Amino acid sequence: MAVVRGSFPNLTVILFLFSALLGGCIVAAGLVSVPNILGLERDAAERAIHDAGLSVGSINEAASSVVPPGRVISQSPIAGTEVASGSFVSFTLSTGPTTA
């Protein structure tokens, strides 16, 4: 059973129920700032996400005539957003310019 104290009583109930689904194992999460991973290569972006106490979410690819292939062109949530520790950060990697 998880006990969370604070000014968010509804969150306490949600965490309690979630904890029950996980067999009583849950870690109270603090807020962390999402790092800026724009322009980083995939490995560096994943490392920055993990170093910030976050998890890697979905990784997509899209063409870009500006950003070199293999580098991050967008991320969600945006850099500087305060999120719960362990939250997912998704990003899109450039595949380079579209070829005709």
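**Panel A. R42 and E46 lie about one helical turn apart, because they are four residues apart in helix α2.** The model is predicted: local features need pLDDT of at least 70, side-chain atom pairs count only at pLDDT 80 or more, and totals for chains, interfaces and linings use all residues. Residues are numbered from 1 along each chain as its sequence is written, and side-chain values use heavy atoms, with hydrogens and water left out. Helices (H or I, at least four residues) and strands (E, at least two) are DSSP runs, numbered from the N terminus. R42 and E46 form a salt bridge, their closest N and O atoms being 2.9 Å apart. The term requires a side-chain nitrogen of Lys or Arg within 4 Å of a carboxyl oxygen of Asp or Glu. R42 has a relative accessible area of 40%, so R42 counts as partly exposed. Buried means under 20% relative accessible area, exposed means over 50%, and partly exposed falls in between (1.4 Å probe, protein chains only).

**Panel B. A salt bridge joins the side chains of R71 and E41.** The N to O distance is 3.6 Å. This pair links distant parts of the chain, 30 residues apart. R71 belongs to the loop between β2 and β3. E41 belongs to the loop between β1 (31-33) and α2 (42-51). R71 has 29% relative accessibility and therefore counts as partly exposed. E41, with a relative accessible area of 46%, is partly exposed too. The whole structure holds two salt bridges. Side chains of opposite charge can pair when their charged atoms come close.

**Panel C. Strands β2, β5 and β3 form an open sheet, in that order.** The pairing is mixed. Two strands pair if DSSP finds at least two bridges between them. The edge strands are β2 (55-62) and β3 (72-76), each pairing on one side only. Neighbouring strands are turned by 20° against each other on average, direction ignored. Axes are lines fitted to C-alpha atoms, for helices over the stretch in contact, and angles run from 0 to 180 degrees between N-to-C directions. Six bridges connect β2 with β5, and these two run parallel. A62 stands opposite S94 in β5. Four bridges connect β3 with β5 (residues 88-94), and here the strands run antiparallel. V72 has L93 of β5 as its bridge partner. S74 stands opposite T92, also in β5. Strands of a sheet pair through backbone hydrogen bonds, either parallel or antiparallel.

**Panel D. T92 is a buried residue of strand β5.** T92 counts as buried because its relative accessibility is 13%. Contact means heavy atoms within 4.5 Å. Residues up to four places away in sequence aside, T92 touches N60, E61, A62, R71, V72, I73 and S74. Strand β5 is largely enclosed by the rest of the structure, because five of its seven residues are buried.

**Panel E. Eleven residues make up the largest nonpolar core.** They are V32, V34, I37, A45, I49, L54, V72, V83, V89, F91 and L93. A nonpolar core is a set of buried Ala, Val, Leu, Ile, Met, Phe, Trp, Tyr and Cys residues joined through side-chain atoms within 4.5 Å. The elements that give two or more residues to this core are α2 and β5. Strand β5 gives the most, with three residues. V32, one of the core residues, is in contact with A52, L54, T81, E82, V83, A84 and S85, leaving aside its neighbours within four places in sequence.

**Panel F. The peptide bond between S76 and P77 is cis.** Its omega is about 0°. P77 lies in the loop between β3 and β4 (82-84). Most residues other than glycine have a negative phi, and most peptide bonds are trans.

**Panel G. The protein as a whole has two helices and five strands.** From the N terminus on, its elements run α-β-α-β-β-β-β. The protein has 100 residues, of which 20% count as buried. Among contacts with a separation of 6 or more, 64% come from residues 24 or more positions apart. The protein exposes about 6500 Å², with 60% of that area supplied by carbon and sulfur atoms. Accessible areas come from the Shrake-Rupley method with a 1.4 Å probe; for residues, only the protein chains shown count as cover.
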